[in-house]
Amino acid sequence: MLDKIKELIVNYVAIDPADITEESRFIEDLGFNSYDFMSLLGELENEYDITIDETEAIEIHTVGEAVKYLSELQK
């Protein structure tokens, strides 16, 4: 799942996937704005056939938190 998220992230920001870690913060480290982040979440919903709760999504700050959240939704 981490690799897929990295693939999607590089569609939004100019960064080498190798530089993206689970500790990378979407806004502060990767340069996402709120629109980009919500668009990424939409792509993840489509990719994994899940529904992301917007109130829970605002608590996702790092790539690792996104991986953990998506993994829990898939259970």
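Which helices each supply at least two residues of the negative patch? Select helix 3 (54-57) and helix 4 (63-74). Helices here are DSSP runs of H or I, at least four residues, numbered from the N terminus.

This is a predicted model: local features need pLDDT of at least 70, side-chain atom pairs count only at pLDDT 80 or more, and totals for chains, interfaces and linings use all residues. Numbering starts from 1 along each chain as its sequence is written, and side-chain values use heavy atoms, without hydrogens or water.

**Stop 1: the patch.** Show Asp53, Glu54, Glu56, Glu59, Glu65 and Glu72, which gather as negative charge on the surface. Patch members have over 30% relative accessible area and no salt bridge, and like charges are joined within 9 Å.

**Stop 2: Glu65 and Thr62.** Glu65 sits in helix 4. Thr62 lies in the loop between helix 3 and helix 4. The backbone nitrogen of Glu65 is 3.0 Å from a polar side-chain atom of Thr62. Thr62 is buried, at 14% relative accessible area; Glu65 is partly exposed, at 34%. Buried means under 20%, exposed over 50%, partly exposed in between (1.4 Å probe, protein chains only).

**Stop 3: Lys4.** Its side chain meets Glu7 in a salt bridge (3.5 Å, N to O). The term requires a side-chain nitrogen of Lys or Arg within 4 Å of a carboxyl oxygen of Asp or Glu. Both residues lie in helix 1 (residues 2-9), 3 residues apart. Lys4 also bridges to Glu47 at 3.7 Å. That pair links helix 1 to helix 2 (residues 34-48), 43 residues apart.

**Stop 4: Asp29 and Arg25.** Their side chains form a salt bridge at 3.0 Å. The whole structure holds 3 salt bridges.

Note on methods:
Patch = residues over 30% accessible without salt bridge, like charges linked within 9 Å, V, L, I, M, F, W, Y side chains within 5 Å. Areas by Shrake-Rupley, 256 points an atom, 1.4 Å probe, with all protein chains shown as cover. Lys, Arg positive; Asp, Glu negative; His and termini not counted. Charge placed at Lys NZ, Arg CZ, Asp CG, Glu CD. Polar contact = N/O pair within 3.5 Å; in protein donor to acceptor, adjacent residues only side chain to side chain.
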